[in-house]
Amino acid sequence: MKNISELLTPVFDLPSIRAIEQASFSSEGGSYPMMERAARVLFHHISRRFKEVQTFTVLCGSGNNGGDGALLAVLLANAGLTVRGLDLASKERSGDAKKAWAALLASDVEVFVSNTLDDDTCFNGVIIDAMLGIGGSAFLSGEFERVCRWVNKSRQSGARVVAVDSPTGLDVATGLADPNTVVADVTVTFIRDKQGFYINQGLVCVGEVICERLESVDLLAEKGDKLVGAVGALWFEASDVRLLSPCARYPVSHKGSYGHISVVGGDDGYGGAVIMAASGAARTGAGTVSVLTRDNHIAPVLARIPSVMAVTPDGEDIKGTLRNLDSVLLIGPGLGRKQWGEALFQQALELTHRKVLDADALHWLSLNPIASFRGLVVLTPHVGEAAKLLDTTPDGVSGDLIGSAKALSQRYGAIVVLKGVSSVISAPDGRTVIAGRPCPGLAKGGSGDVLSGMVSSCLAYYQNPFEAVVIAVAWHNVAAQKASQELGEIHMQPYELLDYLRLS
């Protein structure tokens, strides 16, 4: 069985990439040697992946990214392939980018200016996007917007797209993208992997990511701890959760070996949420599960999950549903925003047990912010809930998902799962992991309830709380991907994820 640390890939923020880039240029006296290496690795990956393709269009901007594309076009032409170069220079080329462009003009590559491109004529070969690279933003206009639309239209008609360093229109810092951002089949990125590829729309735009360091300077190795913060986060490929055998069973064990979860929630009309949360905990390995909910939900809970212990808070406080100090308290699914839910929330705050706060518990927390919790706590907000907890806007959170997750974790002294297209998991000590791939089928009420139950179960089982949360998030995403494939994104329901939790 693998150790989770072996499966994590560092992803970097933009200032760190630029620092490594400039240090590398300084060590070699300029950017041209790295530009040549970039062209060679691009040629290697393209020629290996698209062996049958004979025609290529290379879109070249005026900067070094365009220089990479220009030198690649020369290599493709020298290999006997048909290559068309498209000039999208937004300003006069200078330095090594100008040198690379001169090499292209001296080759057999046909070069056209971008305004000769026919919007209505699609291309069916391989398109190389070397327009802006990591220097672009999430806002396209003018000729870049038009050409990006043409690229995506051609891709829908059968062309394949390779992005050089980053798709045009994607912000590599935030993962935000223009509506017309190039959608690549493959992104060959340089120096270090970028955090924006794994959050927000980044995961949709980049396709497969191949990272080539190009013999760049390793500032982390040179300066030690001084640049540790340069790693924006760590990426965990959700499908790798299979290598970790989540919640494995011991041959000699009993129900107490796998922990106890107490799920608190389900005000009138919200019984489904507490059922899905308890089911998520029970189906991912918890030894025992209890539910504290409204009296009218007891029968439906027991009918759906007969293995749980279900009680009503009348004459029964939260402590009565907890077996011992090692129990995990999950509060929030269907808790509601009335006095009933607030009273249970306030009671939960006084307990030192490990806690998972989800849904309406996060609402009550936003109204009653505290400096730190008693005992270990996990918060599982979506972007809107995170905005309330940070006193900001949803756009502010989306524009800095990693920073927001870290800020939440620091403010509340909790492990945070900031849910989105992918989820950002952050601990108070600064550890931050991104996990999960896009699954539109999860965009339904109840998906988070199942996840909170899974987080609680893994928290009860694993000794390392942070790793437990990462495993739960990845496991949930893999189940969702499987359900989506078999049931369809429109048809699948959150409770159906429970039938797809097997990883074998």
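The sulfur of Cys247 lies 4.1 Å from the closest cysteine sulfur, that of Cys458, which is too far for a bond. A disulfide here is a pair of cysteine sulfur atoms within 2.5 Å. The structure holds zero disulfides. Cys247 counts as buried, at 7% relative accessibility. The cut-offs are under 20% relative accessible area for buried, over 50% for exposed, and partly exposed in between, with a 1.4 Å probe and protein chains only. Cys122 is partly exposed, with a relative accessible area of 30%. Its sulfur is 15 Å from the closest cysteine sulfur, in Cys148, so this pair is too far for a bond as well.

This is a predicted model: local features need pLDDT of at least 70, side-chain atom pairs count only at pLDDT 80 or more, and totals for chains, interfaces and linings use all residues. Residues are numbered from 1 along each chain as its sequence is written, and side-chain values use heavy atoms, with hydrogens and water left out.

**Pockets**

Rolling a probe the size of a water molecule over the atoms shows where empty space is left. The search uses a 1 Å grid over the protein atoms alone; a pocket is an open set of points where a 1.4 Å probe fits, with protein on both sides within 12 Å along at least five of seven lines, and lining residues have an atom within 4 Å of a point. Grid points are joined across faces, edges and corners, and a volume is the space filled by probe spheres set on the points.

| Pocket | Volume | Lining by class |
|---|---|---|
| Largest pocket | About 650 Å³ | 13 nonpolar, 14 polar, seven charged residues |
| Second largest pocket | About 570 Å³ | twelve nonpolar, twelve polar, nine charged residues |

Ala, Val, Leu, Ile, Met, Phe, Trp, Tyr, Cys and Pro count as nonpolar, Asp, Glu, Lys and Arg as charged, and the others, Gly among them, as polar.

The largest pocket has about 650 Å³ of space. It is lined by 34 residues, and His382, Lys419, Leu442, Ser447 and Gly448 are the closest to its centre. Helices (H or I, at least four residues) and strands (E, at least two) are DSSP runs, numbered from the N terminus. α15 (447-461) and α16 (465-487) each supply at least two residues of this lining. α15 gives the largest share, four residues.

The second largest pocket has about 570 Å³ of space. Among its 33 lining residues, Arg18, Gly63, Asn64, Asn65 and Leu132 are the closest to the centre. Four helices each supply at least two lining residues: α1 (14-28), α2 (32-49), α3 (64-78) and α4 (95-105).

**Nonpolar cores**

A nonpolar core is a set of buried Ala, Val, Leu, Ile, Met, Phe, Trp, Tyr and Cys residues joined through side-chain atoms within 4.5 Å. The largest has 63 residues, of which Phe236, Val263, Ile425 and Val469 touch the most other members. α16 gives the most to this core, 13 residues. A second, separate core has 52 residues, including Ile199, Leu203, Trp235 and Leu389.

**Backbone**

Most residues other than glycine have a negative phi. Leu214 has a positive phi of about 60° although it is not a glycine. Leu214 lies in the loop between β8 (208-212) and α7 (219-223), and is buried at 7% relative accessible area. Ala359 also has a positive phi, near 50°. Ala359 sits in the loop between β14 (354-357) and α11 (360-367). At 19% relative accessibility, Ala359 counts as buried.
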